[in-house]
Structures are given as structure tokens and as C-alpha cells.
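Morning, everyone. I'll take the interface first, then one residue. Let me put the structure up.

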Amino acid sequence: MILFQGVWRKVKLKGKPLASIVSAGLSRFGKLEGLCAREIFAQAAKEAYERCPRLDPKKDIKALFIGHMGESYEHQGHTGAIAADWAGVLHIPATRTEAACSSSGVALRAAVYAVASGLCDVVMVGGVEKMTHRSTPEVTEFLAMAADFPFEQWHGLTFPGLYALIATAHMHRYGTTEAQLAHVAVKNHYNGSLNPKAHIQKEITLEQALSSRVIAWPLKLFDCSLITDGASCLILTRPELAKKYTDAPVHIIGSGQACDMIGLYEREELTSLKAAKLAAKQAYEMAGVKPEDIDVAEVHDCFTIAEIVAYEDLGFCKPGEGGRLAESGETSLKGRIPVNTSGGLKAKGHPVGATGTAQAYEIYLQLTGQAEKRQVADAEIGLSHNVGGSGATATVHIYKRG
Amino acid sequence: MTAQPQNFTIEQFYKNICQKKLMGGKCRKCGKIHLPPRPLCDNCFSTEFEWVDLPTTGKLLTYTIIHVAPPQFQNMAPYTVGIVELENGIKLPGMIRDVPLDGIKIGMRLKMEFGGLQQTQQWPQWPRYYFKPL
């Protein structure tokens with residue numbers, strides 16, 4: 001990883017597009033009763049095809065990468081082939097990636113490898129998860145599989161519990177408050193109220209957030225993302241071919257990925273995610289941009305504390321100042337750096353395998369001026385930050401309007 | 001205590017816990033202590049280890065009180081889980097018992113206790129340890 005951080009990127013890639021998004025699709029997010037994951041993915045694929053009339057999917061798409069976290073939800077694995085089949089692009093190489101909640105962030109990274117290497121001209125990349133037909137305790141257990149089983153799950157830790165450990169440590173070290181956490185939820189629910197595809201399209205108040213029932217203290221119901229069904233997909237091509245498919249491409253100019261120990265308890269720090277910091281460093285250097293250049297960001301707010309830590313790991317503020325940044329309103333739609341304009345995982349929803357490319361979908365809409373009521377004026381550079389588990393995997397991508 | 005490299009496993013860690021011993025795998029080449037024990041030193045790639053006793057006291061680094069629990073733990077909720085830094089710097093998560101929920105404080109000193117074998121359907125039959133105030 002050190003080598004990768006240093007050599008070929010700085011010299012050859014500073015700001016040069018690695019790949020270009022020429023289309024994107026997103027299913028409705030929510031409780032999609034009676035639909036299997038494959039059928040939900042077909043909805044996302046259909047939108048991507050409709051948005052790109054110059055694309056002939058059967059002829060042009062040369063590979064598919066799809067993020068999907070778990071077989072447990074539907075007793076169904078082998079998602080690569082299934083997704084290719086239901087998207088109508090059979091017989092191409094179709095690969096599933098799994099990295100818990102960053103499964104499709106990793107798929108996007110793999111798609112960038114495929115295109116940037118020159119092996120493929122056009123690839124489809126996406127993610128999917130079907131979760132709402134299972135009970136909350138079942139989903140809690142399935143999600144906990146992304147933690148360290150013998151030492152974390154075995155001792156009763158859940159995912160809200162792991163992020164609560166981060167929250168408690170952050171509050172103790174920096175004075176972050178429960179109200180600051182709640183500010184993240186209020187903002188993201190407001191943004192979700194403007195997104196017709198969001199799972200919850202309803203505003204909440206600070207009081208509602210603070211008085212909701214405790215899930216894993218100090219995290220309450222409104223500090224937690226939603227159990228959601230949904231799918232997302234993008235069509236990527238080599239930058240020099242982008243104009244063949246669309247007049248308004250979005251270039252991926254930075255891509256970072258890193259991993260860390262799976263057990264939160266084994267890591268150097270409890271108040272930041274090293275994998276995310278390393279992924280961000282790679283992506284910023286590759287893109288030749290700085291945190292202050294980002295006009296709009298989608299970050300992994302699986303819990304409100306995760307968004308606060310993301311502000312710090314991504315350099316939007318100094319370590320320890322994330323709570324105050326949330327409170328200041330600077331990350332709201334009209335603020336200095338709007339974060340989670342889609343409603344985020346908190347309100348748009350978190351179908352875990354679909355999340356990484358769903359974040360890219362929102363940035364694609366923002367940079368092409370298609371985000372309607374939640375459009376950020378003149379957004380030119382965007383960022384997505386997708387975390388797997390309690391931070392064992394992280395991907396960061398940086399995008400520029402073409 | 002000496003043992004073959006293949007014995008430096010999580011399974012063996014829990015067998016030691018069964019015998020009320022908290023032990024880590026110490027690399028004979030570079031001296032790094034691994035918890036969980038590993039078959040390959042992530043520092044120097046050695047496969048030569050020895051079991052060493054670890055301190056069973058330490059301080060609480062962070063904690064949470066779990067109210068919504070997975071099926072296996074529902075009858076215990078609400079319960080507290082924390083990360084404890086042992087005297088030698090090694091960190092370990094575990095439940096915290098024998099203290100009121102509002103009496104738990106970051107930095108408090110805790111001691112490991114060894115619980116009985118927990119019968120949990122479809123899960124390995126490992127014992128559990130937990131922490132209580134020193």
C-alpha cells in the first residue's frame with residue numbers, strides 16, 4: 001500500500017481521470033415487499049440504461065462488478081452471475097465483491113481497475129441488498145458478522161455497540177455531545193425529505209432524536225441508519241470514450257482503498273478510522289485536490305458518530321472538531337460543504353451492499369445538476385466515503401464534473 | 001510452557017480461558033505479544049511462539065450499554081461491553097459486570113473473571129470471560 005500511495009499516482013495521475021461515469025441508476029430505497037435482490041438490481045440497471053440512450057448494454061458492457069454483503073438475508077450467494085442475468089447482460093465476466101458495508105465501494109474500485117488498466121472499455125458496477133423481510137435481531141446478527149466473531153460478537157457486541165464504543169471514546173476525549181450526534185440525524189432526515197427515492201422522507205426534530213429509545217448507549221434509534229432494501233448501479237467507461245455515451249460525464253479522478261484490523265479493539269485509535277484516513281490520502285493525492293476543494297460529499301453515516309468521525313478523517317475539520325462542525329450547520333445543504341445531500345444512510349437508507357455505489361449515484365446527480373430540490377449550486381468536485389464493518393475496510397472516491 | 005506453532009490459535013486461547021488462564025502468543029524472534037494469538041507473526045513473519053501469561057487487570061478505554069441485542073444475548077440486555085487495556089498495553093473487549101450501569105466510568109480499573117461454558121446454539125462451545133471492578 002505504501003508503494004501504491006507513493007509512486008505511480010503522484011507522477012502520472014494527478015487529477016487525470018481514471019474512469020468516467022456515463023450513466024447511473026438507483027432503485028427506490030425502502031421496504032420493497034415481494035422483491036428479491038436480483039429484481040431490485042434490475043430496477044437500478046433499467047434506470048441506468050434509460051439515462052444513456054447511446055449505450056447498447058448487450059454490446060457495450062464488457063464486465064460487471066457487484067457489491068453484495070450477505071448470503072444470510074435471502075439464502076442466496078453467487079450474486080455476480082445473478083445480477084448479470086437479471087440486468088440482461090449475460091455471459092460477460094461478472095464478479096461479486098464483499099467487504100461488508102463497503103462491498104460496492106470496493107466494486108467501484110475494482111471497476112476503476114478494469115477500466116484504467118485498459119482491459120475493459122465499458123463496465124457496469126453496482127450493489128444490492130434485500131434486508132427488510134428479516135427481523136431486527138436477525139439483521140443485527142447478520143451485520144455483526146462484519147465484526148470480529150471470536151472477540152467482539154462472542155462477547156455480545158453489535159454494530160450499534162461497536163460504533164457506540166467509538167462514540168463514547170470520542171465524547172470522552174473531545175467533549176462531543178449527544179446533541180451534536182443528533183444534529184447529524186436532523187440534517188440527514190431533512191435532506192432525505194427532499195429525496196423521492198429515500199426510505200424515510202420525513203424531517204425530525206432535535207428533541208425527537210434525543211428522546212428516541214436507546215439502542216446501544218450513547219446511540220439511540222435516530223443515531224442509527226435504516227434496514228433497507230435497494231440497489232444502485234453505474235456505467236463506467238474509459239475517459240477518452242466518455243463523450244461517445246454522454247455529453248455530461250462525471251470523471252473519477254481519485255480512488256483510495258485501505259484496510260485495518262477487523263477488531264476495533266486491536267486498532268491504534270478508537271476515535272478515528274485509519275483505513276478511511278489512508279484511503280482519503282490516496283484519493284486526494286491521486287486527484288490533486290484538497291479537502292477544501294470538495295463541493296459535496298456522501299459519507300458513511302451508518303451511525304451519527306460515523307459521520308462526525310468521517311468529517312475528521314476526510315480533513316473537513318481537525319480531529320475532535322467533528323461534533324462542532326455538525327452543530328455549525330456548515331455541512332447542511334446551504335452550508336460550506338454539504339454532506340449527505342441524499343439523506344445518507346440515516347434517511348435514504350442502508351441496503352449494505354448497495355451503499356457505496358448509491359453514494360456515487362448521488363454525487364453523479366449533483367455534479368450533473370440533476371439533484372432537483374437538494375441540488376448544491378455549482379457543484380464541480382464531489383467525494384464519496386464508504387466504510388466496511390467498524391472500519392476494517394474503507395474506500396474514498398473523488399469525482400469531477402466532465 | 002512450550003507448544004507447536006499450530007497451537008497458537010484462537011481455539012487454544014479459549015481452551016486456556018477454560019482453565020482460567022489469560023494467555024497470549026509471544027513471538028520468540030521479535031518479542032511481539034499477539035492477542036488473539038496468530039500462527040504467523042505479523043511483525044517479523046516468524047512462526048516460533050511461546051505462551052505467556054497476560055495481566056488480568058487493566059483500565060477501561062471505552063464502553064457501551066447494549067439495549068437491542070442479538071438473539072443469543074436478548075435475555076441479558078441491557079448489558080455493558082467495553083474495551084479494556086491490560087497493564088501491558090494489550091487491549092481486549094468484554095462484558096463488564098458487578099457494577100451499576102451508571103457507575104461505569106472510562107479509566108476505571110477492572111479485573112478479568114472467568115465465566116462458565118456458555119451453551120449457544122450453532123455457535124462454538126467456548127467459555128466467556130468478563131470484567132468486574134477491581
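Across the interface of chain A and chain B, 15 residue pairs are in polar contact, both partners at pLDDT 80 or more. Keep in mind that this is a predicted model.

Which elements supply the chain A side? Those giving two or more residues are α6 (136-144), α7 (159-174) and β5 (214-217) of chain A. The largest share comes from α7(A), with six residues. By class, the side of chain A that touches chain B has 16 nonpolar, eight polar and six charged residues.

Now the extent. 30 residues of chain A are in contact with 37 residues of chain B. The area buried between the two chains is about 3000 Å². Carbon and sulfur atoms give 69% of that area. In chain A, A:Phe151, A:Trp154 and A:His155 lose the most area to chain B. Together they make up 28% of what that side buries.

β5(A) pairs with strand β4 (residues 57-66) of chain B, in the antiparallel sense, over two bridges. Look at A:Ala216: its bridge partner in β4(B) is B:Ile66.

Next, the single residue. A:Ser20 is in strand β1 (residues 19-26) of chain A. Buried or exposed? A:Ser20 has a relative accessible area of 0%, so it counts as buried. Its side chain makes a polar contact with the side chain of A:His251, at 2.7 Å. Beyond its neighbours within four places in sequence, A:Ser20 has contacts including A:Ile235, A:Leu236, A:Pro249 and A:Val250.

That's it from me.

Note on methods:
Residues are numbered from 1 along each chain as its sequence is written. Chains are lettered from A and ligands numbered from 1 in the order in which they are written. This is a predicted model: local features need pLDDT of at least 70, side-chain atom pairs count only at pLDDT 80 or more; totals for chains, interfaces and linings use all residues. Side-chain values use heavy atoms; hydrogens and water are left out. Helices (H or I, at least four residues) and strands (E, at least two) are DSSP runs, numbered from the N terminus. Buried means under 20% relative accessible area, exposed over 50%, partly exposed in between (1.4 Å probe, protein chains only). A polar contact is a pair of N or O atoms within 3.5 Å; within protein, one must be able to donate a hydrogen and the other to accept it, and residues adjacent in sequence count only if both atoms are side-chain atoms. Contact means heavy atoms within 4.5 Å. Buried area is the accessible area (1.4 Å probe) that two parts lose on being put together, summed over both. Ala, Val, Leu, Ile, Met, Phe, Trp, Tyr, Cys and Pro count as nonpolar, Asp, Glu, Lys and Arg as charged, and the others, Gly among them, as polar. Two strands pair if DSSP finds at least two bridges between them.
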